[in-house]
Amino acid sequence: MGCEQARASLPLLLDRELSLWRRWRLRRHLAACPSCAAELEKQQAMQAAFREQISYHRAPPALAARIVADLPRETVPPTVRPWFRLPAITLGGSGLAGALAGAALVLLIYRAPSDQGSLSVIQAVIDSHIASLMADHLTDVQTSNQHTVKPWLSAHVDVSPPVRDLAAEGFPLIGGRVDYIDGHPAAAVVYRHDKHVINLFAWASPGQANAPPHGEERQGFNVVTWREAGITYFAVSDVEADQLARFAQLVRQGSA
Amino acid sequence: MPSDDRKRRFELLALPHLDATYNLARWLAGNAAEAEDLVQETYLRAYRYFDSYEGGDLRVWLLTILRNNFSTWARQNRGGRMTYVGELPQEDLDAPHVPLWSSPGRDPEALLQRSDDAERLNALMERLLPEHRTVLLLREVEELSYQEIATVTGVAIGTVMSRLARARAALRRHWFDAEARERADGV
């Protein structure tokens, strides 16, 4: 291979577009030609500098919610509609087997906002849920061992949510994560149902009265919220409503 | 409810590519508000045609839709704030008279006076033709293959390569080498 051909091949080497054979021939030329080797180094340096210094514009957090809200829905009216009251749900009625696809559930544990169930908090919880799915940042601590997740969360958030592996019930524990809801640190316990992610958020609400579970559907996600022993819980998910209710029931039993 | 399942499936598959889509849109539109509109329209259209999506990299598919949306949008906005030069005939690509800059109002040399490398690079990028900017972003940031870039931009692989070469040459001349020159000159 001559210099001219080598120079023409350099960008392709940079872009991983050279076949093994051509790569080998180019490497052989470069080993013998300091001038072409220096040119490659320069091109590599520019590529690295470009990748490092070019601005990357991340989508504003609200955009995902806006997109989801604007997708046409053919079967479900776009209004908020309560879909169940937990106490009325009986356990065990809906088989555990993984017949359900599409379950992503978030239970949030965080501090402060007292307006349980208010639209802005529900929106914030859904946004966090979507963000956790998008940002490749589902868990800070990834383990199915509840004895690892709980102390980790306790060390990072000032509330200690119940953490129990519910694998036997069809909701294996994936890990935990510190999240932010409305600017407040929150603990998120992450579960899975079949192939789908489940996030569970909770936060301390000292002095506030207990509230029974309440479910809603918004933007294609199901949300269950309740307050118990000074902790407000939010479960956000795209699981079927009855599965989310069952999950919430299991969590409540675990914390009792 | 099949259409609800379809929507969930779309969200789970498509939303992870929101940053990639937005980044390109932001670089093409030049401002956040229009980038958001472009992205939203892209997702809406992608959802509408989701049934025709036949597998493969969904990110490439979304970026393709975005690029088409942008072309339409740019045609409609021609004469406005932004000058979109549009598709150049391929035989002209290597001709020396073809401008690399979409906004002739500002002299690229003026950029050399900026001290910050990153700032200068990003300002320079905004001056590149949209098609040059696009291939650079798709290659260096999204790390797409030539074939994938050809799919997204709707041109032949040879065109992708020549655009990439011209874009890199411009960067080298006005950013990378200029930096080295300045340092050598003690500017």
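**Exercise 1. Two helices of chain A**

Task: In this predicted model, work out how helices α1(A) and α3(A) are oriented to each other.

Solution: 
- Step 1. Find the helices. Helix α1 of chain A covers residues 3–14, and helix α3 of chain A covers residues 34–53.
- Step 2. Read the angle. The two axes come within 10 Å and cross at roughly 25 degrees.
- Step 3. Apply the cut-off. Angles under 35 degrees count as roughly parallel. Therefore α1(A) and α3(A) are roughly parallel to each other.
- Step 4. The crossing of α1(A) and α3(A) is right-handed.

**Exercise 2. The helix contact**

Task: Which residues make the contact of α1(A) and α3(A), and how do they divide into nonpolar, polar and charged?

Solution: 
- Step 1. Take α1(A). It supplies A:Cys3, A:Ala6, A:Arg7, A:Leu10, A:Pro11 and A:Leu14.
- Step 2. Take α3(A). It supplies A:Cys36, A:Glu39, A:Leu40, A:Gln43, A:Gln44 and A:Gln47.
- Step 3. Sort them. Seven are nonpolar, three polar and two charged.

**Exercise 3. Strand β5(A) and its partners**

Task: Say which strands are joined to β5(A) by bridges, and whether β5(A) is enclosed or open.

Solution: 
- Step 1. Start with β4(A), residues 173–181. Eight bridges join it to β5(A), and the two run antiparallel. Here A:Gly175 has A:Val190 as its bridge partner.
- Step 2. Go on to β6(A), residues 196–204. Seven bridges join β5(A) to β6(A), again antiparallel. A:Val190 stands opposite A:Asn199.
- Step 3. Check the turn. The hairpin of β5(A) and β6(A) has two residues between the strands, and A:Asp194 takes a positive phi near 55 degrees.
- Step 4. Check burial. Eight of the 10 residues of β5(A) are buried, so the strand is largely enclosed by the rest of the structure.

Methods. Residues are numbered from 1 along each chain as its sequence is written. Chains are lettered from A and ligands numbered from 1 in the order in which they are written. This is a predicted model: local features need pLDDT of at least 70, side-chain atom pairs count only at pLDDT 80 or more; totals for chains, interfaces and linings use all residues. Axes are lines fitted to C-alpha atoms, for helices over the stretch in contact, and angles run from 0 to 180 degrees between N-to-C directions. Helices (H or I, at least four residues) and strands (E, at least two) are DSSP runs, numbered from the N terminus. Angles under 35 degrees count as roughly parallel, over 145 as roughly antiparallel, 65 to 115 as roughly perpendicular and the rest as oblique. A crossing is left-handed if the near helix is turned anticlockwise from the far one by less than a right angle, and right-handed if clockwise. Two residues are in contact if their C-beta atoms, placed from the backbone, lie within 7 Å. Ala, Val, Leu, Ile, Met, Phe, Trp, Tyr, Cys and Pro count as nonpolar, Asp, Glu, Lys and Arg as charged, and the others, Gly among them, as polar. A residue is buried if 20 or more other C-beta atoms lie within 10 Å of its own, exposed if 12 or fewer, and partly exposed in between; C-beta atoms are placed from the backbone. Two strands pair if DSSP finds at least two bridges between them.
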